[in-house]
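Here's a quick briefing on how the pieces of this fold pack together. Have the structure open in your viewer as you read.

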Amino acid sequence: MFLVGLTGGIASGKSSVIQVFQQLGCAVVDVDVIARQVVRPGYPAHQRIVEAFGTEILLENGNINRKVLGDLIFNQPDRRQLLNAITHPEIRKEMMKETFKYFLRGYRYVILDIPLLFETKKLLKYMKYTVVVYCDRDTQLARLMKRNSLSREDAEARIRAQLPLKDKARMADHVLDNSGEWSATKRQAVVLHAQLERSLEYLPLRLGVLTGLAGMCSLFYLFTRYLLPSP
């Protein structure tokens, strides 16, 4: 099994593309879902976030108010880095757990939906391929203004807070262009899935694991056959 890192930008259509891959039967690990999970009450990251940002970020039920926390870090890079330092290690742990489950189920590849794949770069070394869901800036701006009911100024500020999509596209192994009709984007996703399914990149790791298991079984047999005392 190999890993495919998929990312995009705000209003680029990444979530819709992920749904296409899921409909095709792909294994997908959604980092956004994991990120919400690891900050729930009872998780280590929750306590550390409250200690760092104060109890004013909490809802009455003890959950973190994501909007309040988002507003606190939006224009403050230092505080955003602090939050990332708290949450990212916990997110990586859960990602590896989910990925291993798919490995045991025999999937050829797993898509990791990682919004900050190229920004943090910490997970790039684990990815065999990277995919960016791209759209041109005008399309991105128009979609964001309509989807979130934002003014042009607010929408542009949110786009500027992220690494430009054109920069991500230059760094990616594959680019799915979602600037035009959705049917065209969907076809691109289907073609990419077929290409990844035909890849034999998963074989070395799977053969290595099977070889290791066979070796362990052989050692166990020799141990029980020759080293344990006979009844």
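In this predicted model, helices α2 and α5 pack with their axes 9 Å apart, at an angle of about 125°. That angle makes α2 oblique to α5, and the crossing is right-handed.

**α2 against α5**
- On the α2 side (31-38), the residues in the contact are Val-31, Ile-34, Ala-35, Gln-37 and Val-38.
- They meet Glu-90, Ile-91, Glu-94, Met-95 and Glu-98 of α5.
- Sorted by type, the contact has 6 nonpolar residues, 3 charged and 1 polar.

**The nonpolar cores**
- The largest nonpolar core has 33 residues, and Ile-49, Leu-69, Met-95, Val-110, Leu-112 and Ile-114 have the most contacts inside it.
- Elements giving two or more residues to this core include the helices α2, α3 (44-53), α4 (66-73) and α5 (77-104), along with the strands β2 (27-30) and β3 (109-113).
- The largest share comes from α5, with 6 residues.
- Take Ile-49 as an example: leaving out residues up to four places away in sequence, Ile-49 touches Val-39, Gly-54, Ile-57, Ile-64, Leu-69, Leu-83, Ile-86 and Thr-87.
- There's also a second, separate core of 18 residues, with Phe-2, Leu-6, Val-17 and Val-131 among them.

**α1 against α10**
- Helix α1 (residues 14-23) and α10 have axes that come within 10 Å and cross at roughly 45°.
- At that angle, α1 and α10 are oblique to each other, and α1 passes α10 in a right-handed crossing.
- From α1, the contact takes in Ser-16, Val-17, Val-20, Phe-21 and Gln-23.
- Their partners in α10 are Trp-182, Thr-185, Lys-186, Ala-189, Leu-192 and His-193.

**Leu-196**
- Leu-196 sits in α10, the helix spanning residues 182-198.
- Is Leu-196 buried or exposed? Its relative accessibility is 3%, so Leu-196 counts as buried.
- Beyond its neighbours within four places in sequence, Leu-196 is in contact with Phe-2, Val-4, Tyr-109 and Tyr-129.
- Tyr-109 is 87 residues from Leu-196 in sequence, but the two are 7.7 Å apart in space, C-alpha to C-alpha.

Conventions
Residues are numbered from 1 along each chain as its sequence is written. This is a predicted model: local features need pLDDT of at least 70, side-chain atom pairs count only at pLDDT 80 or more; totals for chains, interfaces and linings use all residues. Side-chain values use heavy atoms; hydrogens and water are left out. Helices (H or I, at least four residues) and strands (E, at least two) are DSSP runs, numbered from the N terminus. Buried means under 20% relative accessible area, exposed over 50%, partly exposed in between (1.4 Å probe, protein chains only). Contact means heavy atoms within 4.5 Å. Axes are lines fitted to C-alpha atoms, for helices over the stretch in contact, and angles run from 0 to 180 degrees between N-to-C directions. Angles under 35 degrees count as roughly parallel, over 145 as roughly antiparallel, 65 to 115 as roughly perpendicular and the rest as oblique. A crossing is left-handed if the near helix is turned anticlockwise from the far one by less than a right angle, and right-handed if clockwise. A nonpolar core is a set of buried Ala, Val, Leu, Ile, Met, Phe, Trp, Tyr and Cys residues joined through side-chain atoms within 4.5 Å. Ala, Val, Leu, Ile, Met, Phe, Trp, Tyr, Cys and Pro count as nonpolar, Asp, Glu, Lys and Arg as charged, and the others, Gly among them, as polar.
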